[in-house]
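Please open the structure in a viewer and keep the selection tool at hand.

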Amino acid sequence: MRPKSIVYYEYAYLGSVLLGIVVTAMTWSVNNATQEVEQIRATLGASFLPILYVFIYTISLALWYFTARVPNGIAKWIVVGWCCLSLLGSGYAIAAGNLPVDLPGLLAVAALALNGIAVYLLFRPDARAWFGERA
């Protein structure tokens, strides 16, 4: 039986991933029109970015599986590291004034908040026991 914190972690983490997919879909046409993406498309081909996004979300789902279904300490720390990198990137975007204030921007912030909640839940005593750590 999975601990309550892991069940809640699963909801928060998968919610974060789902919001990320929604934000990606909502901003796809705008992001594909940038000069940077045009350079990537010219260098690596038109299918590179869709394949990259599928790869990233596949990794996210694998991390979910190895934290919420099969307790793996390495996956736990990868989730923590990924969340920290997201926080740093968002902090940099806010400091540079690049964070959009439209619906996709707000959903991205909500996804980041859910990811932070998910990481917090990984360190509750029952979740630590799930990973075989001392609570």
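Is E38 buried, partly exposed or exposed? With a relative accessibility of 40%, E38 counts as partly exposed; here buried means under 20% relative accessible area, exposed means over 50%, and partly exposed lies in between (1.4 Å probe, protein chains only). The model is a predicted one, in which local features need pLDDT of at least 70 and side-chain atom pairs count only at pLDDT 80 or more, while totals for chains, interfaces and linings use all residues. Residues are numbered from 1 along each chain as its sequence is written, and side-chain values use heavy atoms, leaving out hydrogens and water.

The side chains of E38 and R41 form a salt bridge (2.8 Å, N to O), that is, a side-chain nitrogen of Lys or Arg within 4 Å of a carboxyl oxygen of Asp or Glu. Both residues belong to helix α2 (residues 35–44), 3 residues apart, which means about one helical turn between them. Helices are DSSP runs (H or I, at least four residues), numbered from the N terminus. R41 is partly exposed, at 26%.

Now select R69 and E10, whose side chains meet in a salt bridge (2.8 Å, N to O). This pair links distant parts of the chain, 59 residues apart: R69 lies in helix α3 (residues 48–69) and E10 in helix α1 (residues 4–32). E10 is buried at 5%, whereas R69 is partly exposed at 41%.

Finally, select R128 and E133. The closest N and O atoms of this salt bridge are 3.8 Å apart. Elsewhere, salt bridges with shared partners join R2, E10 and R69 into one network.

How values were computed:
Helices (H or I, at least four residues) and strands (E, at least two) are DSSP runs, numbered from the N terminus.
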